[in-house]
Amino acid sequence: IERTAVSLQTLPTTADSAFALLGELVAQPAFDSAEFERDRQIRLNALRARRDQPTTVATRVFAAAVFGEDAPYGHPADGTAASLSAMSRADVTGFYRTYYRPGNAVLVVVGDVTPDRATALATAALGGWEGKTAASDPAPAAPPARPATVYLVDKPKAAQSEIRIGGVGTSRTSPDFYAVSVLNTILGGQFSSRININIREHKGYTYGARSSFTFLRGPGPFMASGGVVSAKTDSSLVEFMRELVDIRGSRPATRAEVDFATGSIVRAYPRRLETNAGVASELADLAYFRLPPSELVDYHRKIAAVTQADVDRVAKQYLQPEHFVTVVVGDLATIQPGVESLKLGTVQVVDTEGRQVP
């Protein structure tokens, strides 16, 4: 987790009492011992349940494989059984005192409220919040490139296989953010994208296949994913790889695809600003990533300015099959021989935590 967000929706008539509760939550948390233990057990039980969820297992193993299980982006945000069991209430309160300080926070208020009224509400609720600004941890750097590797997780008798393919992408503040956004829209970011049309519509191997770039402070993951019928696991991997390779070489994005993708992104953008919560989220992102206020109006212009050459360049830069991590969760008795025959990289069989199985 890179940041914590506390949100509040209230009527103007109840704003004073609502902000008072917000101030108590943010500035005066109790961290009750009994509640701490209760929440720990809830989370441990949830982790045990997730071991039986192939979608969750595939994504967790993928992140650990791409970034390293001890790296910020490789360690699961909801923790592990070992980390939760070892955690104490003192650890939580110490973390709060270190990072939850007013100088590290941004307050966004959106609604039928004047600046003076918003300032008065914030002062009443948070004026007593004390603590010097803590130095921010640096954004994680991209991990070193590694040879392509395939990780197989056994889910006996599974009717479907969960597939994850990808590697390291880029950050939100990268100049390539706009071109990469267009690239992903063409590749797997919408229903009519290449990956979904191929694997769902033409082949019928899945109910849906997609790709995504997660834009964080540091370079986040790129991932192509889908749940496919078990008997077509190897065939699906062939088609995923075909699309990931072709767009960076033999079948680059066309002018029509770029125009359609940029138009789709630009037309969808106003929906993000239709509600108070949407506006607040956009403003919070600007503050968190230290983007200028002009980004609210410049975003669609920069997307519209993306060219075929831009998309071709970032496809070659960020889609690198020779370094791809491939994770497949499924019935290994059925799928392993076919997956290994594709020679997509060194094959390792791992458990639901990503640990190698002898």
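## Ser174 and its loop

The side chain of Ser174 comes within 3.0 Å of the backbone nitrogen of Asp176. This is a predicted model, so the contact is a computed one. Ser174 sits in the loop that links β2 to α7. Its relative accessibility is 12%, so Ser174 counts as buried.

## The sheet

Six strands form an open sheet. Their order is β3-β4-β2-β5-β1-β6, and the pairing is mixed. Which strands stand at the edges? They are β3 and β6 (346-350). Each has a single partner strand, so one side of each lacks a neighbour in the sheet. From one strand to the next, the twist averages 15°.

Take the pairings one by one. Strands β2 and β4 (residues 221-229) run antiparallel and are joined by nine bridges. Within this pair, Ile163 has Gly226 of β4 as its bridge partner. Strands β2 and β5 also run antiparallel, with five bridges. Here Glu162 is bridged to Val329 of β5. Strand β1 (residues 149-154) pairs with β5 in the parallel sense, over six bridges. In that pair, Asp154 has Gly330 of β5 as its bridge partner.

## Strand β5

How many residues of β5 are buried? Six of the six are, so the strand is largely enclosed by the rest of the structure. Val325, Val327 and Val329 point one way. Thr326, Val328 and Gly330 point the other way.

Helix α9 (residues 233-246) lies across β2, β3, β4 and β5 (325-330). It runs at about 25° to β2.

Ser211 belongs to strand β3 (residues 206-213). Is Ser211 buried or exposed? Its relative accessibility is 4%, so it counts as buried. The side chain of Ser211 makes a polar contact of 2.6 Å with the side chain of Asn184.

Asn184 is one of several contacts of Ser211 beyond four places in sequence. Leu187, Gly188, Gly189 and Ile195 are also among them.

## Helix α13 and its covered face

Helix α13 spans residues 308-318. Its buried residues are Val311, Val314, Ala315 and Tyr318. Seen down the helix axis, they fall within an arc of 110°, so they line one face of α13. The general rule is that an α-helix has 3.6 residues a turn, so residues three or four places apart point the same way.

What covers these buried residues? The cover includes two strands, β2 (160-168) and β3. It also includes the helices α7 (177-187) and α10 (255-268).

## Two nonpolar cores

The largest nonpolar core has 44 residues. Val182, Leu244 and Leu319 have the most contacts inside it. Helix α7 gives the most to this core, with eight residues. In soluble globular proteins, nonpolar side chains tend to be buried together.

Residues up to four places away are not counted here. Val311 is one of the buried residues of α13.

A second, separate core has 16 residues. Phe67, Val325, Val327 and Val350 are among them. Val325 and Val327 point one way from β5.

## Two loop residues with positive phi

Arg290 has a phi near 55°, a positive value in a residue other than glycine. Where is Arg290 found? It is in the loop between α11 (276-288) and α12 (295-304). At 68% relative accessibility, Arg290 counts as exposed.

Lys343 also has a positive phi, near 55°, and is not a glycine. Its place is in the loop between α14 (332-341) and β6. Its relative accessibility is 72%, so Lys343 counts as exposed.

Definitions and conventions:
Residues numbered from 1 in each chain as written. Predicted model: local features only at pLDDT ≥ 70, side-chain atom pairs only at ≥ 80, totals over all residues. Heavy atoms only, no water. Helix = DSSP H or I, 4+ residues; strand = E, 2+ residues; numbered from the N terminus. Buried < 20%, exposed > 50% of the residue type's maximum accessible area, 1.4 Å probe, protein only. Polar contact = N/O pair within 3.5 Å; in protein donor to acceptor, adjacent residues only side chain to side chain. Contact = heavy atoms within 4.5 Å. Arc of directions from axis to C-beta. Pairing = 2+ DSSP bridges. Axes fitted to C-alpha atoms, helices over the stretch in contact; angles between N-to-C directions. Core = buried A, V, L, I, M, F, W, Y, C linked by side-chain atoms within 4.5 Å.
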